[in-house]
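Hi there,

Here is the structure I promised to pass on. Have a look at it first, and then read on for my notes on how its pieces pack together.

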Amino acid sequence: MSARFQTLAAALAWQVGSHGRVIDLSLERVREVARVLQLLHPACPVVTIAGTNGKGSTATALAALLGACGQRVGLFASPHLVRYNERIQLAGVPVADELLLAAFERIEAARAAVTLTFFEYSTLAALLLFHDARVDAIVLEVGLGGRLDATNIIDTDVAVLSSVGLDHRDWLGDTLELIGAEKAGIFRPGRPVVLGSAQMPASVIEHARALGCPLWRPGHEFRIQIDGDGYGAQSWDYQRAGCELQGLPAPALPGAIQYANAASALTALTLLGMRGACDAAVVGTAMRSMRLPGRLQRVSGEVEWILDVAHNEPAAAVLAQALAARPIAGRSIAVASMLADKDAAAITRTLDGLIDWWILASLEAEPRGLSAEALQARLPSLRGPIERAGGVSEACAQARALARPGDRVVVFGSFHVVGPALQWLGLY
């Protein structure tokens, strides 16, 4: 890549094929380029967040909390829903194309003969832009796994592990213990670890203790109490040694799981020692300001739309719980598709009891995408009829034509489904 790329789209298209492998889990190449760019030792606190599910919501909550404390935050998240710029945010604002192109040019000059994956370019660009902006704090969301993820070239001050579930088995292992060990690779000797769930594989706990990491677990070192079942705008309390907050507003992100994610983020904030971390007004401001499209996002109307990026079995279970908690009089129509490395049978089986009609969309334009026909061949026997569509927009149009007042349309299975659906609905 060189200055001949005048648009972000052209630069990104070149990056996709420049290394030869879409995923190449290693740290040597990206660390070397970061060393040349002098990015390996940020001058501000860093929190790295890993997890099968919940890491994006936790990162969003922590960035909001840091912002409410008066910190200028650099947030690196992935993947994006619609625009690549969503991945790198400065003080809550996605960076402009011009800044990204300038960062990529500097990466090109520094990498010499080293080749980089698409995600490694993203990580380096984020670190470079955060360095240039002199942010007060950095929040890094792991892309895949942890130990060999490009974000792990940075030594984190606080590590957060939101959850461990079965996903990316080809890369991380086919047991929870193996996957947990890979995600625990973000831990650093003697530095605190926040767990999003008290139910973690033994490998996670063992790795933390071997490194002498102080553990912060829900129900142990910190606790929450929700005023209700977690659905709707219900208040909650938070408690840890030296910090007790009552009557906090519900997180602006929908779903009962968001209380746990917010609590993990709040615990990380207190461990950073930020001024205002245990101020109910500051925390309340953050809870109200959180924004993350595509997570149990509800669009009301005669026909209700629910959009969620659930792309593995644990996330599908969370979606199923949310749907069951909001029963409707009419039918539930699914618009779904998945990437080839996902367990489509397990995901659809988890939701089958709540879906009356299925519309499968093709994702053949994506490197790991499936056609609707190939996806259907992977599915178990489902109780509702199945239709196929040429793409997400076509599937959404079919759902709207099929739906009657009182029905709902549930869009899920991938960022590559929810993003285009939000655009089709005119919401993005």
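At what angle do helix 3 and helix 10 pack, and how far apart are their axes? Please keep in mind that this is a predicted model. In it, helix 3 (residues 55–68) packs against helix 10 (residues 280–289) at about 135°, and their axes are 8 Å apart. Angles over 145 degrees would count as roughly antiparallel and 65 to 115 as roughly perpendicular, so helix 3 and helix 10 are oblique to each other. Their crossing is right-handed. From helix 3, the residues A64, L65 and A68 make the contact, and helix 10 brings V282, V283, T285, A286, M287 and S289. By type, the residues where helix 3 meets helix 10 are seven nonpolar and two polar, with no charged ones.

Helix 1 (residues 8–18) and helix 4 (residues 97–111) have axes that come within 10 Å and cross at roughly 35°. Here the crossing of helix 1 and helix 4 is left-handed. On the helix 1 side you will find L8, A11, L12, W14 and Q15, and they meet D97, L100, L101, F104, E108 and R111 of helix 4. The contact of helix 1 with helix 4 has seven nonpolar residues, one polar and three charged.

Strand 10 (residues 236–240) is joined to strand 11 by four bridges in the antiparallel sense, and R240 stands opposite C243 of strand 11.

W358 is found opposite I386 of strand 16. Together with helix 13 (residues 372–378), strand 15 and strand 16 make a right-handed β-α-β unit.

Happy to talk any of this through once you have had a look.

Best wishes

Terms used
Residues numbered from 1 in each chain as written. Predicted model: local features only at pLDDT ≥ 70, side-chain atom pairs only at ≥ 80, totals over all residues. Heavy atoms only, no water. Pairing = 2+ DSSP bridges. Helix = DSSP H or I, 4+ residues; strand = E, 2+ residues; numbered from the N terminus. Right-handed = clockwise from strand over helix to strand, strands pointing away. Axes fitted to C-alpha atoms, helices over the stretch in contact; angles between N-to-C directions. Left-handed = near helix turned anticlockwise from the far one by under 90°. Contact = heavy atoms within 4.5 Å. Nonpolar A, V, L, I, M, F, W, Y, C, P; charged D, E, K, R; others polar. Parallel < 35°, antiparallel > 145°, perpendicular 65-115°, else oblique.
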